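Good morning, everyone, and thank you for coming.

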Amino acid sequence: MVVFVLLVSACGGSSTEPESVDPVPVDTVAEEAPEVCPDAVNAVPERLPVGEVQELPNDGREHVICASYERTPPASGAHFPAWQNCGIYTQPIQNQTAVHSLEHGAVWVAYQPDLDASVLQAMTDQLKSEQFALAAPYPGLQNPIVLTAWTRQLAVDDWSDPAVEDFLDTYLGRYSPVAPEAGASCGQAVGSGPNNPNLHYQEILEHVS
């Protein structure tokens with residue numbers, strides 16, 4: 001499978017050269033969420049200050065099957081060997097795959113599952129054409145919207161906050177000054193939006209285990 005070729009070439013090294021991204025095949029039936037890291041102990045999301053970019057420590061970037069996080073949504077740390085395909089999701093995604101996307105320069109937009117529909121639509125309209133944007137509901141989130149890049153995080157009450165545009169302009173994609181592999185692929189790995197966040201996860205897990 002193509003995805004396995006990308007895993008070998010992208011996850012085995014630290015090159016920051018961007019990889020070509022082909023369209024991800026979409027299954028018509030969503031996969032059930034896999035049993036992922038049942039022993040992982042993840043912190044409960046905290047209420048974050050609004051409109052302030054948090055500069056967070058770099059917790060490493062080791063490739064592991066399972067990882068626990070002392071901060072959620074996590075902004076760095078050990079992560080699954082394959083990344084989450086960027087895109088707009090209507091189902092929660094895994095911390096472990098999302099963190100790998102951050103390493104490649106993605107901005108991960110986590111939002112409360114009951115976010116107002118008009119706000120969600122505005123967010124979707126802006127992000128749907130961004131190659132390195134990753135958005136998904138995050139159960140338990142204490143702020144309406146939290147944007148995360150590698151070692152950076154911003155909470156806002158509304159998508160119209162000017163801080164959102166500044167954050168995206170600074171940290172999105174290959175121009176990110178903080179992502180260790182900014183510009184590397186954010187496709188052809190795990191997931192397919194909008195409702196199949198775990199597509200190919202099981203095949204990749206069997207390949208890397």
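Predicted model: local features only at pLDDT ≥ 70, side-chain atom pairs only at ≥ 80, totals over all residues.

**A buried helix and a buried proline**

Buried residues make up 52% of the 209 residues in the protein chain, where buried means under 20% relative accessible area, exposed over 50%, and partly exposed in between, with a 1.4 Å probe and protein chains only. Residues are numbered from 1 along each chain as its sequence is written, and side-chain values use heavy atoms, with hydrogens and water left out.

The protein chain has five helices and six strands, which are DSSP runs numbered from the N terminus (helices are H or I, at least four residues; strands are E, at least two). From the N terminus, their order is α-β-β-α-β-α-β-β-β-α-α.

How many residues of helix α2 are buried? Nine of the nine, residues 95–103, are buried, so this helix is largely enclosed by the rest of the structure. Among them are N95, H100 and E103, and α2 is followed by G105, whose phi is positive, near 105 degrees.

Leaving aside neighbours within four places in sequence, P197 is in contact (heavy atoms within 4.5 Å) with residues including Q84, Y89, P92 and V190. The C-alpha atoms of P197 and G87 are separated by 9.8 Å, although these residues are 110 apart along the chain.
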